[in-house]
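Here are my notes on the model, as numbered points. Please read them with the structure open.

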Amino acid sequence: MAARNERTRAAERTRDAERTKEAILVAAEDRFARLGFDGTSLQQIGEAAGVARSTPAYFFRSKEALYDAVLARAVTRAQEAMARAYAEEDDDRSAEEGAVESYVGAFLDFLGHDQNFVRLIQREALEDGSRVAEFFGRSVEEAVAALGPAAEEAGISPQRLLLDLAAICWYPFAHEHTVMPALGMNARDPAFLDEQKRHLGDLVRAMTRPGSERRTRR
């Protein structure tokens, strides 16, 4: 009986530790996204998470390690969202059309619902040496492979097609408080997202249409 009680208490301690770690990660992501790495302290994160000021350092050792964990977690969310999109490609469409529309739709939906991801990556983009670059390896490899047939139809490299699509998808969210209001547009408006998906789909279909200027140009 004593051994069973001890195992129960150990399991409860483990669950408590997991809940505490999760609360720290959530609080840290919100602070880093809104205030940046330099503008955030472990004390602020502890207060936001409702734990002692020393607890974040106990679980993550340093602010740098906690920041890396936040970045890895955010990128993993993006990877999982894109992986689901590739797995759900419509069998009724061609491989080229399906891959592109799946990528565009999933990426726009993800960006439209994950503001912290956009803010974190935007902040990293301003750094001379970003911590996040190494985390994107798997995402880029999967996207390049999925977009390969469409890129071949367009007569361009899959890396170029990925860059073009990612840039067009990203821009409205990167400038949702600058250019977009000046244009009278809201990047997170469902109607805008639907229109953007159709627009990008039309662009790629025009690029990959047999006999297009791109394919016949000498």
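What share of the contacts in the chain with a separation of 6 or more comes from residues 24 or more positions apart? The share is 66%. Keep in mind that this is a predicted model.

1. **Overall make-up.** The chain has eleven helices and zero strands. Read from the N terminus, the order of elements is α-α-α-α-α-α-α-α-α-α-α. The chain holds 218 residues, and 37% of them count as buried.

2. **The nonpolar core.** The largest nonpolar core has 57 residues. Phe32, Leu66, Tyr103, Leu111 and Phe117 touch the most other members. Two or more residues of this core come from each of helix 1 (2–35), helix 2 (42–49), helix 4, helix 5, helix 6, helix 7, helix 8 and helix 10 (190–208). Helix 4 gives the largest share, eleven residues. As background, nonpolar side chains in soluble globular proteins tend to be buried together.

3. **Phenylalanine 32.** This residue deserves a look on its own. Setting aside residues up to four places away in sequence, phenylalanine 32 touches Phe37, Thr40, Ile45, Lys63, Leu66, Tyr67, Val70, Leu120 and Arg123. Leu66 is also among the residues that touch the most other members of the largest nonpolar core.

4. **The loop between helix 1 and helix 2.** Two residues here are worth checking. Threonine 40 is in this loop. Its relative accessibility is 3%, so threonine 40 counts as buried. Beyond its neighbours within four places in sequence, threonine 40 contacts Arg31, Phe32, Leu35, Ile45 and Lys63. Glycine 36 is in the loop between helix 1 and helix 2 as well. Glycine 36 counts as buried because its relative accessible area is 5%. Glycine 36 touches Arg31 and Arg123, not counting residues up to four places away in sequence. Glycine 36 and glutamate 124 are 88 residues apart along the chain, yet their C-alpha atoms are separated by 9.2 Å.

5. Tyrosine 58 sits in helix 3 (residues 55–60). With a relative accessible area of 67%, tyrosine 58 is exposed. Tyrosine 58 lies 37 residues from lysine 21 in sequence, and the C-alpha to C-alpha distance is 9.9 Å. Arginine 61 is in the loop between helix 3 and helix 4. Arginine 61 is also exposed, at 68% relative accessibility. What is phi of arginine 61? The value is near 75°, which is positive in a residue other than glycine. For context, most residues other than glycine have a negative phi.

6. **Phenylalanine 110.** This residue belongs to helix 5. Phenylalanine 110 is buried, because its relative accessible area is 10% and the cut-off for buried is under 20%. Its contacts, leaving aside neighbours within four places in sequence, are Ala74, Arg77, Ala78, Ala81 and Phe117. Methionine 82 is 28 residues away from phenylalanine 110 along the chain, with 8.5 Å between the two C-alpha atoms.

7. **Aspartate 114.** Where does aspartate 114 lie? It lies in the loop between helix 5 (95–113) and helix 6 (115–125). Is aspartate 114 buried or exposed? Aspartate 114 counts as buried, because its relative accessibility is 10%. Not counting residues up to four places away in sequence, aspartate 114 touches Arg77 and Arg188. The side chains of aspartate 114 and arginine 77 are joined by a polar contact of 2.7 Å. Arg77 is also one of the contacts of phenylalanine 110.

8. **The largest pocket.** Its volume is about 420 Å³. The lining has 19 residues, and Tyr103, Phe107, Phe136, Val140 and Ala166 lie nearest the centre of the pocket. By class, the lining has 15 nonpolar, three polar and one charged residues. At least two lining residues come from each of helix 4 (63–87), helix 5, helix 6, helix 7 (137–154) and helix 8 (158–174). Which helix gives the most to the lining of the largest pocket? That is helix 8, with six residues. Tyr103, one of the residues nearest the pocket centre, is also among those that touch the most other members of the largest nonpolar core.

Terms used: Residues are numbered from 1 along each chain as its sequence is written. This is a predicted model: local features need pLDDT of at least 70, side-chain atom pairs count only at pLDDT 80 or more; totals for chains, interfaces and linings use all residues. Side-chain values use heavy atoms; hydrogens and water are left out. Helices (H or I, at least four residues) and strands (E, at least two) are DSSP runs, numbered from the N terminus. Buried means under 20% relative accessible area, exposed over 50%, partly exposed in between (1.4 Å probe, protein chains only). A polar contact is a pair of N or O atoms within 3.5 Å; within protein, one must be able to donate a hydrogen and the other to accept it, and residues adjacent in sequence count only if both atoms are side-chain atoms. Contact means heavy atoms within 4.5 Å. On a 1 Å grid over the protein atoms alone, a cavity is a set of points where a 1.4 Å probe fits but cannot get out, and a pocket is an open set with protein on both sides within 12 Å along at least five of seven lines; lining residues have an atom within 4 Å of a point. Grid points are joined across faces, edges and corners, and a volume is the space filled by probe spheres set on the points. Ala, Val, Leu, Ile, Met, Phe, Trp, Tyr, Cys and Pro count as nonpolar, Asp, Glu, Lys and Arg as charged, and the others, Gly among them, as polar. A nonpolar core is a set of buried Ala, Val, Leu, Ile, Met, Phe, Trp, Tyr and Cys residues joined through side-chain atoms within 4.5 Å.
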